[in-house]
Amino acid sequence: MDWRITEDRPIWMQLSEQIAARITSGVYGPGERLPSVRELAAEAGVNPNTMQRAFAELESRGLVTTNRTAGRSVTQDMERIRAMRAGQAFEEAQQFLGRMRSMGFTRQEIRSVLEEILKSEDGERRENG
C-alpha cells in the first residue's frame, strides 16, 4: 500500500490518519488482525517507534485493540468506525470548501460544480454498468 508522508506534520500523526482511513474504508475490517508494527514500519519506510506511536494514537481513539498474545486488531465497534468515517468526511468537505472559497467560488458556484461532477459520475455508471 502507498504511504503518503509529507514534511508539514508529525509522521506518526500522518501514519495514524492513513491507517484510520484504511479501517474506515474497509481495507482492514472489523476484528481483523493488523500487520505488526515492524511490518508496517518497513512498508512505510519509518522507524518502528514512529509506527508504534501511530498505533498508540489509534488505540486511544478506540479504533485498534491490543491483545498481548495476538497482536493488534481493528475494533469490532461498528458505531465507532462509522463515527470516525463521518468525521473524516466532514474534515475533507471542510478542506474542499475552504480551497474553493479561497479561489473565489460562491456557495452557488460550488454547488453547481458538485452537481456537475455527480451528474457525470451517474452517466459513467450507466455506461459501465
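How many residues lie between S1 and S2 in the hairpin that they form? In this predicted model, three residues separate the two strands of the hairpin. S1 and S2 run antiparallel and are joined by four bridges. Within this pairing, Val64 stands opposite Val74 of S2. S1 spans residues 64–67 and S2 spans residues 71–74.

Ten of its 14 residues are buried, so H1 is largely enclosed by the rest of the structure. The buried set comprises Trp12, Gln14, Leu15, Ser16, Gln18, Ile19, Ala20, Arg22, Ile23 and Thr24. These residues pack against both strands, S1 and S2. They also pack against three helices: H2 (37–44), H3 (48–60) and H4 (78–102). Just after H1, Gly26 adopts a positive phi of about 90°.

Leaving aside residues up to four places away in sequence, Gln18 touches Asp2, Trp3, Arg4 and Ile5.

Charged contacts were examined next. Side chains of opposite charge can pair when their charged atoms come close. The model holds five salt bridges. One of them joins the side chains of Glu17 and Arg9, at 2.8 Å from N to O. Both partners are partly exposed: Glu17 has a relative accessibility of 33%, and Arg9 has a relative accessible area of 32%.

Another salt bridge brings together the side chains of Arg22 and Glu43, with an N to O distance of 3.9 Å. This pair links distant parts of the chain, 21 residues apart. Arg22 belongs to helix H1, and Glu43 belongs to helix H2. The burial of the two partners falls in separate classes. Arg22 is buried, with a relative accessible area of 8%. Glu43 is partly exposed, at 42%.

Glu79 and Arg82 form a further salt bridge, their closest N and O atoms being 3.7 Å apart. Both residues sit in helix H4, three residues apart, or about one turn of the helix. An α-helix has 3.6 residues a turn, so residues three or four places apart point the same way. Arg82 has a relative accessibility of 47%. That value lies between the 20% and 50% cut-offs, so Arg82 counts as partly exposed.

Surface features were considered last. Val113, Leu114 and Ile117 make up a nonpolar surface patch. Together they present about 210 Å² of accessible area. Val113 is part of helix H5, which covers residues 107–128. This valine counts as partly exposed, at 30% relative accessibility.

Asn49 provides an exposed position in helix H3. Its relative accessibility is 60%, over the 50% cut-off, so Asn49 counts as exposed. How far apart in space are Asn49 and Glu109? Their C-alpha atoms are 46 Å apart, and the two residues are 60 residues apart in sequence.

Conventions
Residues are numbered from 1 along each chain as its sequence is written. This is a predicted model: local features need pLDDT of at least 70, side-chain atom pairs count only at pLDDT 80 or more; totals for chains, interfaces and linings use all residues. Side-chain values use heavy atoms; hydrogens and water are left out. Patches are made of residues with over 30% relative accessible area and no salt bridge: like charges are joined within 9 Å, nonpolar side chains (Val, Leu, Ile, Met, Phe, Trp, Tyr) within 5 Å. Accessible areas come from the Shrake-Rupley method with a 1.4 Å probe; for residues, only the protein chains shown count as cover. A salt bridge is a side-chain nitrogen of Lys or Arg within 4 Å of a carboxyl oxygen of Asp or Glu. Buried means under 20% relative accessible area, exposed over 50%, partly exposed in between (1.4 Å probe, protein chains only). Contact means heavy atoms within 4.5 Å. Two strands pair if DSSP finds at least two bridges between them.
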